[in-house]
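Dear colleague,

I am passing on to you the structure we spoke about, and below it you will find notes on what turned up in it. Please keep the structure open while you read.

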Amino acid sequence: VLLRCAVLVKYLMIPFFAGCVLVCLMFLLLMFTPLVFMVFAAPVAILYIFGIGWLYMICGSSFSVAYGLKARGENVHGEVGGVLVIISQFFFVADVIAVMILTFKEKKYVVATIVTVLLCILGVIAGVAGLVLFLIGL
């Protein structure tokens with residue numbers, strides 16, 4: 001049950017963090033506008049968004065940390081594996097990758113993991129294609 005909850009929470013947070021990255025990129029681009037105050041406001045806004053995102057990530061890590069503690073106690077993935085799962089929950093991207101690795105090791109929710117990876121790859125391809133089309137003026 002803990003792994004299922006961890007998978008749901010981590011995979012459903014990916015669109016939120018992708019949106020946060022887009023907002024941060026927008027603020028970075030606004031730094032180069034003629035508005036002088038944006039040079040100072042944009043870094044503050046980016047740090048604020050990063051801090052709020054990190055707090056959301058920590059709140060969403062409760063199931064993953066609980067699973068890591070349980071797996072470590074039952075010696076499912078070994079002592080080091082359980083500790084690495086818990087530590088990875090405090091870093092962006094590493095938390096989702098750790099959950100993906102756990103799904104493959106447990107042989108549960110593999111289809112959801114593969115679909116999530118494919119959707120992320122498609123999102124990156126669409127974003128790059130959109131950027132290229134924007135830059136060439138189409």
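**What was found**

Of the contacts in the chain between residues at least 6 apart in sequence, 63% join residues at least 24 apart. Please bear in mind that this is a predicted model.

The chain holds 6 helices and 0 strands, and its C-alpha trace spans about 60 × 30 × 20 Å along the principal axes. Its radius of gyration is 18 Å, whereas a compact globule of 138 residues would have one near 14 Å.

A helix to look at with care is α2 (38-60), which has 23 residues and reaches 32 Å from its first C-alpha to its last, close to the expected 33 Å. Its buried residues include Ala-42, Ala-45, Ile-46 and Ile-49, and what covers the buried residues of α2 includes α1 (2-30), α3 (62-74) and α5.

Phe-91 lies in the loop between α4 and α5 (94-106). Is Phe-91 buried, partly exposed or exposed? Phe-91 counts as partly exposed because its relative accessibility is 48%, and that class lies between under 20% for buried and over 50% for exposed.

Key:
Residues are numbered from 1 along each chain as its sequence is written. This is a predicted model: local features need pLDDT of at least 70, side-chain atom pairs count only at pLDDT 80 or more; totals for chains, interfaces and linings use all residues. Side-chain values use heavy atoms; hydrogens and water are left out. Helices (H or I, at least four residues) and strands (E, at least two) are DSSP runs, numbered from the N terminus. Buried means under 20% relative accessible area, exposed over 50%, partly exposed in between (1.4 Å probe, protein chains only). The expected span of a helix is 1.5 Å times one less than its number of residues. Contact means heavy atoms within 4.5 Å. The radius of gyration is taken over C-alpha atoms; the globule rule is 2.2 Å times the number of residues to the power 0.38.
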